[in-house]
Amino acid sequence: MPTLRSSSSPSSVSSPLRRASGGGQRVLSASSSSSVNMPCGDRDSDQTAEGDSDSLSADEGSDFEDSLRHSVKKRAAKRPLRTTPVAKHPKKGPRMVRGHGQKGSEPPTSDLFDAVKAAKSDMQSLVDEWLDSYKQDQDAGFLELINFFIRSCGCKGNVTSEMFKKMSNSEIIRHLTEQFNEDSGEYPLTAPGPSWKKFQGSFCEFVKTLVYQCQYSLLYDGFPMDNLISLLTGLSDSQVRAFRHTSTLAAMKLMTSLVRVALQLSLHKDNNQRQYEAERNKGPGHRAPERLESLLEKRKELQEHQEEIEGMMNALFRGVFVHRYRDILPEIRAICIEEIGSWMQSYSTSFLTDSYLKYIGWTLHDKHREVRLKCLKALKGLYGSRDLTARLELFTSRFKDRMVSMVMDREYDVAVEAVKLLILILKNMEGVLTDADCEGIYPVVYASNRALASAAGEFLYWKLFYPECETKMVSGRERRRSPRAQRTFFHLLLSFFVESELHNHAAYLVDSLWDCAGSQLKDWESLTSLLLEKDQNLDDVQESTLIEILVSSVRQASEGHPPVGRITGRKGLTPKERKIQADDKVKLTEHLIPLLPQLLAKFSADAEKVAPLLQLLNYFDLNIYCTRRLEKHLELFLQQLQEVVVKHAEPTVLEAGAHALYLLCNPEFTFFGRVDFARSQLVDLLSDRFQQELEELLQSSFLDEDEVYSLAATLKRLSAFYNAHDLTRWELYEPCFRLLRKAVDTGEVPQQVMLPALTLVYFSILWTLTHLSGSGASQKQLLSLKDRMVAFCELCQSCLSDVASEIQEQAFVLLSDLLLIFSPQMIVGGRDFLRPLVFFPEATLQSELASFLMDHVFIQPGELGSGHSQEDHLQIEQLHQRRRLLAGFCKLLLYGVLEMDAASDVFKHYNKFYGDYGDIIKETLTRARQIDRSHCSRILLLSLKQLYTELLQEQGPQGLNELPAFSEMRDLARREGIKFSLSESPPTGSSGQPPNLAFLELLAEFSPRLFHQDKQLLLSYLEKCLQRVSQAPDCPWGPVTTYCHSLSPVENTVEANPQGYPRSKKRRTEGPSRQQREDISSSQEESLQLNSIPPTPTLTSTAIKRRQPLGGLEEMEEGSPEPELVQSSQPLSGNQRSRLLSPQHFRTLLNRSGPGLGNRLTRLSLMEEDEEEIQSELSEEWQDTDKHSSSSEHGLDLLDSTEMNLEVSVPKNTVDSRLRGLCVLGRCWQVTCVLCSRWK
């Protein structure tokens, strides 16, 4: 049963605040400073009593120190002495002061706790009822209040009247701790469920109301508040987390309420002083002596009350806050920081000093998110007031670097608060943030998290834009920005984006500034006027950037969501935001429809500028062309569009133009006829040009570069429009197919012509399929399409062996897409009439696809650079293309187009190419398991065989298991294959091992996945197979030894003995000698190093109980384990190998069952497959362990040390055997376990 620590002095067990029976003085107890407290952040974990005493001594200059001493004398003279039962028990030390009415009543029921928990009644009436009961019987009323706080901690024990009279605070808390034997670690502040959801708020409200209702009566009585503070201070020093957490919250809320009372007293004193001075300054005939005397008496009373309050606050601050602001529990630290921030804001004259600010500054380095968040929010409340910032200069100079660095905090909400804090510093403290500080914040405007980027955008706005573009009031009502200010804004925005060179896409900068500068960014009139000016003095880069800003602002206003890749936590827009979005869309459409043809005409020669301008049509309300009678501007736009398409051959421009025309070709629009006619004119022009140039190519044996470029450009234009528009009536399939046939047969067609021709034929087949997908297609039409598709597939298959890699990759992509479209999946959903179109690729085609994948995808992986150079960009693009090829091949596997056995060519590269394609291969493997688990297992085994055979052919059988490629195979191995490892015999007359024998080491990695019965069968089968293979008795085979140990029942104690060994609940009187223990420890350390078990986080006292060892631990201690089993992964000497591989030893391995020192470690090191399965197994084992654990140990779940280090003071002769077994069973993954080293 856990007990509280106490110092040797009698005063250490007394309450921090007590009233001595002889003088009624308030003193600080030694228990606050002698308790073990938790440092956090950068402070050392050894700070215990010394650290606390240092903290106390550092606060000797507190604002309340002098008033504390004065209040002792005044309160002693104010009230008569009271007789207390302390003298009857002098050995128990000081006790709590008892009230006037000493009745032997039992503690009241928990009506107060239930009422606060229910939160249905008014807190003021609830406190008033308690005050009435307290006035009738002080002891019973105070007992009710004490038991309310005890119940709020989750403890079902009560403080009885007898305990209240005869026991000190520390004895009462120790007694309650012994009764705190709950099975669960939850208590009211952390308990889940609707009944506890509002408890913390009601609890805090009760404490606040209690002080408010008592501020004119019981607050200065001395008895209830002094003893309540004494109890809360003692509970806050408890090792029981529930006591410590709840009492700290109550004490801090009590302190906050007292601060408010002290502030009111201060205001009353100031008013009283002004009244006194005014009365005294009156003339002799008008001065009232009685009035002066009453004001003096009032001032004296207010001074006494303020000293009383300050004494209580000083006791709470020193007794609770100084120790708990660095508690091990982050919730407690967060409570302390939140409350001290509120004290500084509400009572700045006393608390806004460097002696209190230092606690917030230190805690900025806390390792928990919630604590850092509370620090920043507390500082925001201080820096938000210009009146308070003058007193923060020293703090700012000391902790400014830390606040700036928190902009890069890994928790987004903390980083957001840090940026908002810096915005307040920027506004209210001029010149504090240097240019170097600001330069560290500017890149955050391009962060992926929108909240953080928006906060950084606001900082950027206030730093760079606001001073130059300040808004002015017109007629005192309307806010209007001058055109000059708007131009200045856009010039500054251009300068920042271009000169900073932080990012290539202005859309993210626009989104970051949208919340704070949205009105400026939506000034499309200023933007377009800047672009259309003749003497605008903008260079080429600035023009391109300004066009991108225009398109980004239009998109943001029209769609209302951030650009791609930026994360936002919002699910949708509010009705008000949707209304603003609709209005903005109409405004921008009306403004840009007349200007878009002018912009296209001015920038039509520049592909980089005209492509985003064509994208503006995506965000228009196109109905305005009809409703506002703007058809003439539509005609101008179509003319400019045709000129742009004929002039450019870049894919981005052609795709943007084709999509813009697609948006206008909606039959619902009244202007559809005009747009369709313009489209027909454009396609006729391109088609006629293509036919003419194609005839020249087919008839001529040589074409110059201009002719080739012209033909390629025409094909690119037709291909881009064929992607978005149905061009079937122009019959482009036959001429393109003839062109491709000539290219394959003769190789005389240039590469730049073949690529768009392949795409044109592909789109032609898809549009034909779209027409036939509706019901009513004839059999002849289906067969004609099937013939076209098969012919195109054969042509693409021929292109796979082309010299140009671009043609090969394009042919592979188109071929994989067509095979997927015309797979058996196309008849699903009631489209059985399309069955004649289903196509199954032949074995040769499947083989060529797999070979192409090996040659173009699984090439030697290269290291990607930082992404800034041109070579890095090229490598990234090539990687994207290879991933696209692999994804297409994997789709063919999963949809049954290709034989699933072909997946072995993909799976065998999983480990080697994990960095490039790991996610694709893993997803393919998961889907394959879902389709057929057994078949997937056979494919994985086939992958291992292929890898092993390739490695064997390259390197030979000698030293195979030491190669890096062999380690990769070990990581990939999943199933068993004894037959493969012994399939080939060693050469006749040779003493060597079979060539494939090392494959057994791969299989050994996954033996722990087998059931015990399967292990026995495999061992028997291995023994039979080994009898057929001749081996020299003096030359044992290492792979066989390794595999035997992996299948031995010793590998898994739980599986070997499902019933488990009987667990002894009593300590043994005899155990292994000290030398045996040291041998066990050294063997354990060696085994840990051999198995390369990763380190785990430091265990806490709450985790020790959950990680109890399994059965068989006591028996493990009684006998030393077999050394060959513990160190099976070590290289063995010749004699050891002979002994291990002898028939007697082999039979022993088959039948041996029992615990071994290294078995759990070996199992844990081998189980590296699926984390979910591992966790489920461990949880089952721990649940089984918990069933056998003693019921008296459940209380440990609620206890935690307030130390951050793990070393606990445990006598050597009382260490439980469970603790010694922690590292023996591998639960502790450290090489030197703290508990075991102490035990030794």
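A salt bridge here is a side-chain nitrogen of Lys or Arg within 4 Å of a carboxyl oxygen of Asp or Glu. Keep that in mind as you look through these views of a predicted model.

**View 1. Arginine 280 and glutamate 277 form a salt bridge.** Their side chains come together with an N to O distance of 2.8 Å, which means the pair falls within the 4 Å limit. Both residues belong to helix 12, which covers residues 241-280. They sit three residues apart, about one turn of the helix. By this rule, the model has a count of 35 salt bridges.

**View 2. Five acidic residues make a negative surface patch.** Its members are Glu696, Asp704, Glu705, Asp706 and Glu707. Which helix gives the largest share of the patch? That is helix 33 (residues 705-724), with three residues. Aspartate 704 lies in the loop between helix 32 (672-699) and helix 33.

**View 3. Residues 472-478 have a pLDDT below 50.** For the protein chain, the mean pLDDT is 74, and 69% of the residues reach 70 or more.

Note on methods
Residues numbered from 1 in each chain as written. Predicted model: local features only at pLDDT ≥ 70, side-chain atom pairs only at ≥ 80, totals over all residues. Heavy atoms only, no water. pLDDT = per-residue confidence, 0-100. Contact = heavy atoms within 4.5 Å. Patch = residues over 30% accessible without salt bridge, like charges linked within 9 Å, V, L, I, M, F, W, Y side chains within 5 Å. Areas by Shrake-Rupley, 256 points an atom, 1.4 Å probe, with all protein chains shown as cover. Lys, Arg positive; Asp, Glu negative; His and termini not counted. Charge placed at Lys NZ, Arg CZ, Asp CG, Glu CD. Helix = DSSP H or I, 4+ residues; strand = E, 2+ residues; numbered from the N terminus.
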